[in-house]
Amino acid sequence: MKADQTLDCIGLYCPMPIVKTAQRIRELEPGEVLEVLSDDIGIKSDMPAWAEKTGNEFLGAEEEGGEIKVYVRKAGA
Amino acid sequence: MNEESMTIIVFSDDLDRGLAAFNLANTGASMGMKVSMFFTFWGLGVIKKDGSAKGNKSFMQWMMGFMKRGGAKRLKMSQMHMLGMGTATMKSLMKKNHMPSLPEMMVLAKEQGVKFIACTTSMALMGLEEGDFIPEVDEFAGAATYLGLATDSKVNLFI
């Protein structure tokens with residue numbers, strides 16, 4: 001999946017990936033996609049929950065080795 | 001957009017409980033929730049300035065203040081403190097795993113707009129004044145203030 005910005009959270013545990021996502025998403029334009037890299041398996045359910053609560057769109061997750069990539073689109077477009 | 005609120009009563013000054021409280025506060029704030037933390041009784045120790053508190057205090061209060069000098073950097077694990085070894089091990093494990101320390105979590109919470117409220121009754125009991133606390137405390141209030149927030153909140157926790 002193509003992303004407009006990438007946030008590397010490898011090695012960080014809850015709540016840091018979500019907190020950093022919340023901070024970074026402010027820098028995106030509405031409609032842009034943020035890719036978040038994590039090796040914390042909790043992100044697969046944390047990110048959809050966060051997206052739902054904040055009104056952003058969870059686009060999906062890809063897994064490669066131990067690395068998980070989740071994609072979120074900023075709302076407001 | 002999310003309009004939900006969360007309140008957390010921080011009753012304890014254990015390091016592990018403090019971490020749990022701030023973990024939840026930070027996560028809630030990152031999800032757009034309005035988060036208020038009410039520090040009462042031993043919980044005041046989490047928001048105390050480092051070092052000894054000043055102010056007019058009776059001998060009993062002074063003793064209590066000395067034994068419980070508090071400040072987020074000094075807090076102990078609720079279990080396995082082991083005269084300091086357990087707490088030190090825990091802090092070292094956290095650092096190795098890139099987990100923020102309690103003071104760092106508190107800074108993060110402030111950046112995300114979490115409100116810190118100190119319980120005035122507990123302060124009076126322990127002989128503490130406003131100047132004994134970190135400047136990040138937003139309000140000095142009582143249970144009515146807390147319950148006013150809690151009745152409107154979706155999530156209310158006692159830690």
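Glu57(A) stands opposite Arg73(A) of strand β4(A) in this predicted model. β3(A) and β4 (residues 67-73) of chain A are antiparallel and are joined by 7 bridges; two strands are taken to pair if DSSP finds at least two bridges between them. Helices (H or I, at least four residues) and strands (E, at least two) are DSSP runs, numbered from the N terminus. Local features need pLDDT of at least 70 and side-chain atom pairs count only at pLDDT 80 or more, whereas totals for chains, interfaces and linings use all residues. Residues are numbered from 1 along each chain as its sequence is written, and chains are lettered from A and ligands numbered from 1 in the order in which they are written.

The strands of chain A form an open sheet of 4 strands with mixed pairing, in the order β1-β2-β4-β3. Because β1 (5-8) and β3 (57-64) of chain A stand at the edges with a single partner strand each, one side of each has no neighbour in the sheet. From one strand to the next the twist averages 20 degrees.

Helix α1 (residues 16-25) of chain A lies across β1, β2 (33-38) and β4 of chain A, and runs at about 155 degrees to β2(A). Axes are lines fitted to C-alpha atoms, for helices over the stretch in contact, and angles run from 0 to 180 degrees between N-to-C directions. Helix α2 (residues 43-54) of chain A also packs on the sheet, where it touches β2, β3 and β4 of chain A, and its direction makes about 10 degrees with that of β4(A).

α1(A) is largely enclosed by the rest of the structure, because 7 of its 10 residues are buried (20 or more other C-beta atoms within 10 Å of the residue's own, with C-beta atoms placed from the backbone; exposed if 12 or fewer, partly exposed in between). Among the buried residues are Met16(A), Ile18(A) and Ile25(A). The buried residues of α1(A) pack against β1, β2, α2 and β4 of chain A, and also against α1 and α4 (102-111) of chain B.

The contact between the chains takes 11 residues from chain A and 12 residues from chain B, contact being defined by C-beta atoms, placed from the backbone, that lie within 7 Å. On the side of chain B that touches chain A, the largest share, 4 residues, comes from helix α1 (residues 15-30) of chain B.

Note on methods. Contact = placed C-beta atoms within 7 Å.
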